Amino acid sequence: MGVPPKPGVEIHTDGVRFTVVAPLASKLSVCLFDSDDRELARHDLAIAGDGLFSSVVPGVGQGARYGLRADGPWRPEEGHLFDPSKLLVDPYATRIDRSFRYDPQLGQYGTDTAALVPKAIVEPLLPALNPGRPGFRPGGLIYELPVRAFTLLHPDIPRSDRGTLRALAHPAIIEHLRSLHIGAVELMPVAAWIDERHLPPLGLTNAWGYNPVTMLALDPRLAPGGIADLRLATAALQAAGIGVILDVVFNHTGESDIHGPTLSLRGLGNKAYYRHDDDGGLINDTGCGNTLACDHPAVQDLVLTAMRHFVTQAGIDGFRFDLAPILGRDRNGFSSEAELLQLIVDDSVLHDRILIAEPWDIGPGGYQLGSFGPPWLEWNDSARDDIRRYWRGDATMTGSLATRLSGSSDIFTRHGEARTRSVNFIAAHDGFPMGDLVAYESKHNEANGEDNRDGHGANHSWNNGVEGPSDDPAILAAREADARALIATLFASRGTILLAAGDEFGHSQGGNNNAYAQDNAITWRDWGKADQNRLDFARAWADFRGNSTLLTRSDFFKGASGGEDPDQVAWLTENGQPMTPSEWEDPVRDAFMMVIGPPGARLAIAFNRGRQIHCQLPESPGIWRPATPGATEDGVVPPRCVLGWQESAE
């Protein structure tokens with residue numbers, strides 16, 4: 001018995017082999033189309049067993065455009081939704097001819113959708129890459145980047161490339177990233193996605209891409225040249241010492257709930273590809289209408305194939321997994337040893353890639369921060385919230401801030417680790433950008449068309465006295481001080497850090513904390529209005545962190561011993577004395593110092609959210625030199641400020 005063919009297309013000398021996984025389907029057909037979207041021919045594929053259909057279609061070659069149709073039971077009450085009137089996109093397609101557009105007919109049983117659905121394109125693979133170990137290391141800086149919004153208004157990029165992956169290869173973009181010591185860019189989803197069905201009537205479109213249909217095929221709006229565009233951008237970034245991480249959505253698809261469109265997996269085997277409850281209804285652990293059955297072999301193979309594709313075809317360094325507990329959940333709940341998670345870690349192509357979990361979803365037991373274990377890094381929302389709350393002025397936050405600065409050992413030691421797996425961040429795509437944190441106390445999402453009901457209500461933000469825009473010099477100065485304090489705190493924290501694109505130069509969303517549907521000036525980064533002073537400040541802190549191995553280490557801190565251990569730490573009052581338990585617990589304490597490293601090569605960083613203070617730096621056989629913007633030799637720390645000093649020999 002021979003080895004079964006792999007799903008997808010394989011170009012032969014006499015035609016193309018089409019192989020499709022369609023569990024429980026009774027018939028599978030390939031439909032061929034010309035460039036004017038007219039159907040040329042239809043071929044039934046042979047049943048190859050175990051839900052596999054495969055045949056060589058003669059006379060077909062590179063560039064052919066095709067779709068699929070599957071026949072089988074239509075029993076919605078049992079989860080079976082086969083409808084041969086629906087043209088389906090091959091889930092293993094590596095390229096499609098256009099972006100997805102929502103139309104109500106996509107979800108209507110018996111309505112032919114050939115004119116509405118993108119066609120997959122038969123395309124040979126590029127010569128395979130065998131990338132070495134990623135250059136990015138835990139402790140570095142990740143830059144979360146929405147490709148279109150980040151590049152669309154950049155004046156130096158050719159208009160034809162703006163808003164696309166090709167723009168990331170432009171020298172102006174690379175120079176900006178290098179000036180911030182970016183270790184890796186994290187690209188928000190680039191796989192082809194579709195608008196949620198409530199958006200078109202509102203005149204809105206999905207701007208983030210977290211509603212995918214395909215897992216391998218890139219969205220033509222971002223990659224008009226297909227995978228070659230991603231390969232080009234990745235090569236240019238890696239040549240500059242910058243890794244590339246893809247934000248991938250393997251937890252749900254844009255086929256949504258039972259009333260959503262039938263585009264691909266639903267029509268090929270809804271009951272197999274998506275999780276269902278005992279009554280046959282879709283499980284919605286994602287909040288998006290469906291949940292991929294990541295414990296099913298068909299889904300596991302698709303996920304692994306997609307990841308390998310991006311590594312071998314584009315040289316990708318790693319992946320950030322949206323709503324990652326879905327990948328580790330079955331009917332018995334979440335497990336860090338779930339089959340798919342282990343398959344990823346053990347895979348011969350993927351085993352050395354950077355793996356980052358967003359460790360929460362809305363399903364049962366969905367909050368799993370700290371649970372994934374090595375080698376996974378994890379987004380740390382406790383760091384996000386505690387840093388925000390400290391600078392907002394909440395009481396008794398000194399100890400919490402110190403814990404987050406130290407790498408959150410309260411969270412990341414449950415697997416016996418000696419190093420933090422934390423990805424510390426203060427702002428990301430979901431929520432306020434950093435500048436809005438200090439200008440808006442409440443969310444303002446009216447532009448989303450949901451009467452401001454959407455988005456998180458608990459943002460731990462503050463407005464410095466006026467909600468939104470202000471021309472009061474005192475308020476503007478206070479907001480600038482707070483934004484700088486947030487930036488500096490992020491750069492001073494131990495573990496991997498993540499900066500959202502534009503936060504370094506003051507990007508604002510006008511108080512919108514859920515701007516997923518705003519493909520417009522709300523999310524576009526306006527390079528012409530960049531705050532150069534804030535950018536210079538961020539670059540200076542990036543230099544400070546990037547040039548100090550004490551700050552980029554990921555080992556947990558140890559108590560100060562006076563030896564040569566680079567991970568020793570001393571927590572001091574502004575008077576230079578060790579913090580006492582009562583001082584840690586003081587609800588109104590507003591200042592302290594973190595001193596790290598061995599004597600003679602230490603760093604001292606002062607955090608002050610209160611009135612102006614004078615820091616007494618520890619005695620030194622050498623000299624304490626100012627190392628960050630605003631730091632002076634006399635140790636004076638203004639209000640709402642973070643300053644750093646470097647110890648060196650005379």
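**Helix packing and cysteines in a predicted model**

Biologist: Happy to look at this one with you! How do the axes of helix H7 and helix H8 cross, and at roughly what angle?

Modeller: This is a predicted model, and in it H7 covers residues 381-392 while H8 covers residues 398-405. Their axes come within 9 Å of each other. The crossing angle is roughly 140°.

Biologist: Is H7 oblique or roughly antiparallel to H8?

Modeller: The angle to judge is roughly 140°. Roughly antiparallel would need an angle over 145 degrees. Therefore H7 is, relative to H8, oblique.

Biologist: And which residues of H8 make the contact with H7?

Modeller: H7 passes H8 in a left-handed crossing. From H7, the contact uses Ser382, Ala383, Asp386, Ile387 and Tyr390. Facing them from H8 are Thr398, Ser400, Leu401 and Arg404.

Biologist: Thanks! By class, how many residues of that contact of H7 with H8 are charged?

Modeller: Four residues of the contact are nonpolar and three are polar. The charged ones number two.

Biologist: Let's move to H10 and H11: are they roughly parallel or oblique to each other?

Modeller: The axes of H10 (residues 473-491) and H11 (residues 532-546) come within 10 Å and cross at roughly 20°. Angles under 35 degrees count as roughly parallel. H10 and H11 are therefore roughly parallel.

Biologist: How many nonpolar residues are in the contact of H10 with H11?

Modeller: On the H10 side, the residues include Ile487, Leu490 and Phe491, and on the H11 side, Phe537 and Trp541 are among them. By class, the contact has four charged residues and one polar residue. The nonpolar count is nine.

Biologist: What is the handedness of the crossing of H3 and H5?

Modeller: Helix H3 (residues 227-239) packs on helix H5 (residues 297-314) at about 60°, with the axes 9 Å apart. That angle makes H3 oblique to H5. The crossing is right-handed.

Biologist: Now the cysteines. How many disulfides does a search of the whole structure find?

Modeller: A disulfide is a covalent bond between the sulfur atoms of two cysteines. For Cys294, the nearest cysteine sulfur is that of Cys288, 13 Å away. For Cys615, the closest is in Cys641, at 9.8 Å, too far for a bond. Over the whole structure, the number of disulfides found is zero.

Biologist: Last one: is Cys615 buried or exposed?

Modeller: Cys294 is buried, with a relative accessible area of 2%. For Cys615 the relative accessibility is 3%, and buried means under 20%. So Cys615 counts as buried.

Technical notes
Residues are numbered from 1 along each chain as its sequence is written. This is a predicted model: local features need pLDDT of at least 70, side-chain atom pairs count only at pLDDT 80 or more; totals for chains, interfaces and linings use all residues. Side-chain values use heavy atoms; hydrogens and water are left out. Axes are lines fitted to C-alpha atoms, for helices over the stretch in contact, and angles run from 0 to 180 degrees between N-to-C directions. Helices (H or I, at least four residues) and strands (E, at least two) are DSSP runs, numbered from the N terminus. Angles under 35 degrees count as roughly parallel, over 145 as roughly antiparallel, 65 to 115 as roughly perpendicular and the rest as oblique. A crossing is left-handed if the near helix is turned anticlockwise from the far one by less than a right angle, and right-handed if clockwise. Contact means heavy atoms within 4.5 Å. Ala, Val, Leu, Ile, Met, Phe, Trp, Tyr, Cys and Pro count as nonpolar, Asp, Glu, Lys and Arg as charged, and the others, Gly among them, as polar. A disulfide is a pair of cysteine sulfur atoms within 2.5 Å. Buried means under 20% relative accessible area, exposed over 50%, partly exposed in between (1.4 Å probe, protein chains only).
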